[in-house]
Amino acid sequence: MQEQTLAIHAGYEKDAQGTMAVPIYQTTAYEFRDTNHAANLFELKELGNIYTRLMNPTTDVFEKRFNALEQGGGAVGTASGMAAIFYAIANVAEAGDNIIVAQQVYGGTTTLTGHTIKRFGIETRYFNVNEPSQIEALVDEKTKIILFESITNPSIDVADFEAIVAIAEKHNIITCVDNTVATPIYCKPLTLGCDIVVHSASKYTTGQGLAIGGIVIERENLVEKIKGNPRYAHFNEPDESYHGLVYSDLPLPLFTLRIRLALLRDLGATPSPFNSWLYIQGLETLPLRMKQHSSSALKIAKYLENHPKVKKVNYPGLESNSNYALAQKYFPKGQSGLLSFEVETKEEAQAIADATDIFKVVVNIGDSKSIITHPASTTHQQLSAQELIDAGIPAGLIRLSVGLEDTEDLIKDLEKALG
Ligand code: PLP
C-alpha cells in the first residue's frame, strides 16, 4: 500500500460495530476471562490487554499506523517526545555506560543527555553532526547508543546517515534517530540502516498543536544486532524483574517490548487514549500537510535569502545551503517546514519576532499555525554560551515553523516585521 493509504487505514481493524473512526478506548483496565487468563497474560503465554499504563487499543492503532509509515518492526507510544528519547536511552544504558549524541539537537535533548542522565551515572559524549567521523574516537566498549536528529532543530543541519551508520555497524552499536522534523513522509531512517526512530508526536503528528506525545519505533530484525552482543547483555540475560524472561529469545520486537514491559511498567510515561486518538487523526493528513509545509517553507527561505537584513538562511532545500547535497540524497521530495535565519543581534531578532502578526511567538513546531521563536532566549535558554555555539545557535538566530496559511500572507507578514 502507498503511504497516503497507510496513513488513513494502517493498524485499524473494525470490530462488530463497524465504527469508521477509530474508537477512543477510555479505560484504565481490562476484565480478564478468569484468573488463568490473567496469569497467562502476565506470563506472556498469551498477548492481550492488561492495564492502560502498558497498552491500550486506541494507542495500539496509533503505534501500528506510525510503525507502518516508518516501515518499522514494532512501536511503543509514550507520553511525550522527551519520554520517548529517555526510554530509548534508558533501555540500553545504565550507570557506568556512555552514549554518543549530536551537538545539534533540541534543547531538551541537550539538557537530558548533558545533565539529567549524568546524575544517573550515564556519560554523554558529543559529536558535530556535520563531522560524523568524530564519532569513531568517542566509541569504547561501554558505548550503548548513538543519537542524532535527521533534520536538526533549530540549526537545520542534515545528518549524513551513511557515514554515521557505517561507524555504528563497525562497532555493533544501536543508532537512534529523532525524526520529528523530517517526519516519515520525507525520511525513513530505518530504511537507511538505522535501528531506532523516536518522535515527538506533539509536532507534525497532531499537526495542530493539540497534545504532547511521543513514540519509539524499532527496525525489523533488530534482534540480529542485539543477540549475543556484549554491549546489550541485559537483553541476553534473564530479566529478574520479569520472571527470568530473556528478551533476545522472544519472537517479538524486543526493543519496544522491553520499553513496554519494563520502563512503562516502572516509570509510566504512557500516552492517554484520547491523545493517541488525536495522533491518529493527525496521521491521516500528514502526507498532505507535509507537502504544503515544505513547499511554503522553501518559498519563504528563498524570500529571506534575498533580504538585505538577513545574514544567513538555514534551509536544506536552498541550493546555496551547505546541507543541500545531503538533503537531495536523503529527502529529495521535501525538506519539511522548519527553517531558521540569522540577523545581526539578539535585540534585532526579538524585535522582528515581536513585530509579526500571523507568525505567533510560541515555543512549538509542526503546527498548522505559523510560529516564530528566538531559540537563544527560549527553547535553548538553559544552554551555556559554549553549548549554544556547539548547537549552532547564534544570539541573532530566529526559527520559523511554517504553518499552513497562505504563503503570500506569510511572506507579507515577515516583510512587515523585517522593515
Ligand atoms: N525532539 C524534537 C526535535 C523536538 O523539537 C522536541 C520538542 O520541541 C522534542 C523532541 C521533545 O518533544 P516533547 O515536547 O513532545 O516532549
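1. A cavity here is a set of points, on a 1 Å grid over the protein atoms alone, where a 1.4 Å probe fits but cannot get out, and lining residues have an atom within 4 Å of a point. Grid points are joined across faces, edges and corners, and a volume is the space filled by probe spheres set on the points. The structure holds two cavities of 30 Å³ or more.

2. This is a predicted model, in which local features need pLDDT of at least 70 and side-chain atom pairs count only at pLDDT 80 or more, while totals for chains, interfaces and linings use all residues. Residues are numbered from 1 along each chain as its sequence is written, and side-chain values use heavy atoms, with hydrogens and water left out.

3. The largest cavity contains about 60 Å³ of space. Its lining consists of T52, L54, M55, N56, T59, D60, E63, G77, R260, L264, T270 and P271. Helices (H or I, at least four residues) and strands (E, at least two) are DSSP runs, numbered from the N terminus. Two elements, α3 (57–70) and α11 (254–266), each supply at least two residues of this lining, and α3 gives the most, with three residues. Ala, Val, Leu, Ile, Met, Phe, Trp, Tyr, Cys and Pro count as nonpolar, Asp, Glu, Lys and Arg as charged, and the others, Gly among them, as polar. By these classes the lining of the largest cavity has four nonpolar, five polar and three charged residues.

4. The second largest cavity has a volume of about 30 Å³. F66, T180, T183, P184, H199, S200, K203, Y204, T205 and L286 form its lining. At least two of the lining residues come from each of α8 (183–186) and β6 (196–200). The classes here are four nonpolar, five polar and one charged.

5. A pocket, unlike a cavity, is an open set of points with protein on both sides within 12 Å along at least five of seven lines. The largest pocket holds about 550 Å³ of space. It is lined by 24 residues, of which L47, D60, E63, L257 and R260 are the closest to its centre. The elements giving two or more residues to this lining are α3, β1 (74–78) and α11. Helix α3 again gives the most to the pocket lining, here with five residues, as it does with three for the largest cavity.

6. An open sheet of five strands runs in the order β8-β9-β12-β11-β10, with mixed pairing. β8 (312–314) and β10 are at the edges with a single partner strand each, so one side of each has no neighbour in the sheet. Two strands pair if DSSP finds at least two bridges between them. β9 (residues 338–342) pairs with β12 in the antiparallel sense over five bridges; S340 stands opposite R399 in β12, and L339 has L400 as its bridge partner there. β8 and β9 are also antiparallel, over three bridges, with E342 in β9 the bridge partner of K312.

7. Buried means under 20% relative accessible area, exposed over 50%, and partly exposed in between (1.4 Å probe, protein chains only). In β9, five of its five residues are buried. L338, S340 and E342 lie on one side of the strand and L339 and F341 on the other, and both faces are covered. In a regular strand the side chains alternate between the two faces of the sheet.

8. Helix α14 (residues 346–355) has A349, I352 and A353 as its buried residues. Viewed down the helix axis, these fall within an arc of 100° (taken from the directions from the axis to the C-beta atoms), so they line one face of α14. E347 and D354, on the other side of α14, are exposed. The buried residues pack against β10 (360–361), β11 (371–373), β12 (397–401) and α16 (407–418), where contact means heavy atoms within 4.5 Å.

9. Some backbone angles deserve a look. Most residues other than glycine have a negative phi, and most peptide bonds are trans. The peptide bond from N153 to P154 is cis, with omega near 5°, and P154 is in the loop between β4 (143–149) and α7 (161–171). I156 is in the loop between β4 and α7 and has a positive phi of about 60° although it is not a glycine. At 0% relative accessibility, I156 counts as buried. L44, in the loop between α2 (35–42) and α3, has a positive phi of about 65° and is not a glycine either.
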